[in-house]
Amino acid sequence: MYEFAYHRPATIDEAVAALEAAGDGKLLAGGQTLIPTLKQRLAAPTDLIDLGAIPDLKGIRAEGSRILVGAGATHAEIANAADIRDRIPALADLAGGIGDPQVRNRGTIGGAIANNDPAADYPAALLALGATVRTNKREIAGDDFFTGLFETALEPAEIVTAVAFPVPEAAAYASFRNPASGYPIAGVMVARGPAGTRVAITGAGPCAFRSAEMESALAATFSADALADIAIPADGLNADIHASAAYRAHLVGVMARRAVAACG
Amino acid sequence: MPQTISLTVNGKPVTAEVEGRTLLVQLLRDQLGLTGTHVGCDTAQCGACVVHVDGQSVKSCNLLAVQAEGAEVRTIEGVATGDELHPMQAAFRDHHGLQCGFCTPGMVMSALDLVKNNPDPDEAEIRDWLDGNLCRCTGYQNIVKAIRAGAQAMRG
């Protein structure tokens with residue numbers, strides 16, 4: 001990779017200052033996507049601002065009827081947190097399926113959602129659970145956060161500080177994982193809770209999205225059968241060496257039905 | 001832009017001059033001569049580079065050395081006690097858990113992290129945990145047996 005100036009701020013304000021002072025700065029969270037990107041020279045920032053030493057970004061705690069997850073919480077911490085396993089087990093399962101154990105020890109939810117890889121798992125959870133993203137500047141509804149391929153509503157020098165997840169009545173995540181990478185070819189989280197009955201799909205399109213048709217069907221009858229005749233259009237879905245758009249559309253239906261069944 | 005970092009490696013304090021872009025595996029191998037940690041793929045897939053940082057297994061080809069400032073790093077060289085193999089290492093020997101040995105340091109370091117939180121892992125749990133450790137020689141069967149046996153030996 002190309003050389004850069006490395007910064008290790010102790011506070012969010014210091015991180016913002018370093019970012020704003022940089023010519024072309026990038027934030028480093030877990031680094032499990034960014035470091036490979038730098039090694040391939042797909043990015044060449046002048047400055048790297050490491051968020052790993054900022055205590056305010058860490059931690060997972062209950063906040064009334066919600067679970068507040070620090071942006072710096074790792075996938076392993078989320079998978080193992082008692083609050084999440086007890087109250088949003090679907091989120092723990094999702095986090096526990098990301099990458100491999102070593103990647104999970106470093107990768108963070110803040111980094112993952114800020115990057116918004118089309119095959120990231122968390123976006124499906126934020127959409128299905130009606131989560132809110134907190135930044136150093138404001139709160140952004142999950143529904144408004146993921147705006148396109150590798151694009152989010154974050155402004156320059158805006159840093160994700162936490163994600164607040166309402167606790168659902170029932171939720172489950174079903175993912176058809178690429179056998180090598182573990183990324184979802186199609187991953188669906190279904191949830192019933194304060195944000196309503198929601199079906200959120202990731203891996204299949206350029207950005208995570210919800211299916212209004214599936215949501216209406218489930219709101220009327222919450223069963224896998226209710227989705228039997230609903231086909232997601234293949235139009236606009238991803239097509240690559242792993243799966244055609246048509247196959248992804250088919251997998252969305254299968255994963256959605258499995259997720260509903262897993263809700264119990 | 002070179003900078004000086006301080007960390008602990010296998011229990012000993014270390015000071016090193018690194019660039020921002022120096023990977024942890026490069027520091028360990030090239031500067032500290034700890035070549036037991038291997039670079040297999042350089043893309044964070046194969047796990048030959050697995051070490052422990054602050055008690056957790058991580059892929060050292062996927063961390064910057066500067067991120068380990070102030071950290072406690074343990075490599076395969078820090079596992080045995082003098083000439084006496086750690087029970088997990090002995091298990092790999094006894095159960096023929098290696099052929100060429102290239103993946104083996106990463107396998108042992110990964111296994112030690114598994115057993116830390118799960119002292120009696122079953123076969124499914126071991127195979128699941130090894131998701132990030134690839135072996136081209138063995139077909140994994142004896143690696144799994146070795147880890148089962150190593151975990152049992154560690155339980156005493």
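**Entry 1: terms and model**

I take two strands as paired if DSSP finds at least two bridges between them. Helices (H or I, at least four residues) and strands (E, at least two) are DSSP runs, numbered from the N terminus. I note that the model is predicted, that local features need pLDDT of at least 70, that side-chain atom pairs count only at pLDDT 80 or more, and that totals for chains, interfaces and linings use all residues. Residues are numbered from 1 along each chain as its sequence is written, while chains are lettered from A and ligands numbered from 1 in the order in which they are written.

**Entry 2: a sheet in chain A**

I looked up the bridge partner of Y173(A) and found M189(A), in β12(A). Strand β12 of chain A covers residues 184-193 and is joined to β11(A) by eight bridges in the antiparallel sense. Both belong to an open sheet of four strands, in the order β11-β12-β13-β14 (chain A), with antiparallel pairing. I find β11 (170-177) and β14 (209-210) of chain A at the edges; each has a single partner strand, so one side of each has no neighbour in the sheet.

Next I looked for a helix on this sheet. Helix α11 (residues 245-262) of chain A packs there, touching β11, β12 and β13 (196-202) of chain A. Contact is counted if the C-beta atoms of two residues, placed from the backbone, lie within 7 Å. The direction of α11 of chain A makes about 35 degrees with that of β12(A). For such angles, axes are lines fitted to C-alpha atoms, for helices over the stretch in contact, and the angles run from 0 to 180 degrees between N-to-C directions.

**Entry 3: a sheet in chain B**

I then turned to chain B, where five strands form an open sheet of mixed pairing, ordered β2-β1-β5-β3-β4. Its edge strands are β2 (12-18) and β4 (56-59) of chain B, each pairing on one side only. From one strand to the next, the twist averages 40 degrees.

**Entry 4: domains of chain A**

Which domains divide chain A? I read domain 1 (5-50) and domain 2 (58-262), with bounds from an automatic or database domain assignment. The C-alpha centres of domain 1 and domain 2 of chain A are 26 Å apart. I record that eleven residues of domain 1 of chain A are in contact with 15 residues of domain 2 of chain A. To that side of domain 1 of chain A, helix α1 (residues 12-21) of chain A gives the most, with five residues.
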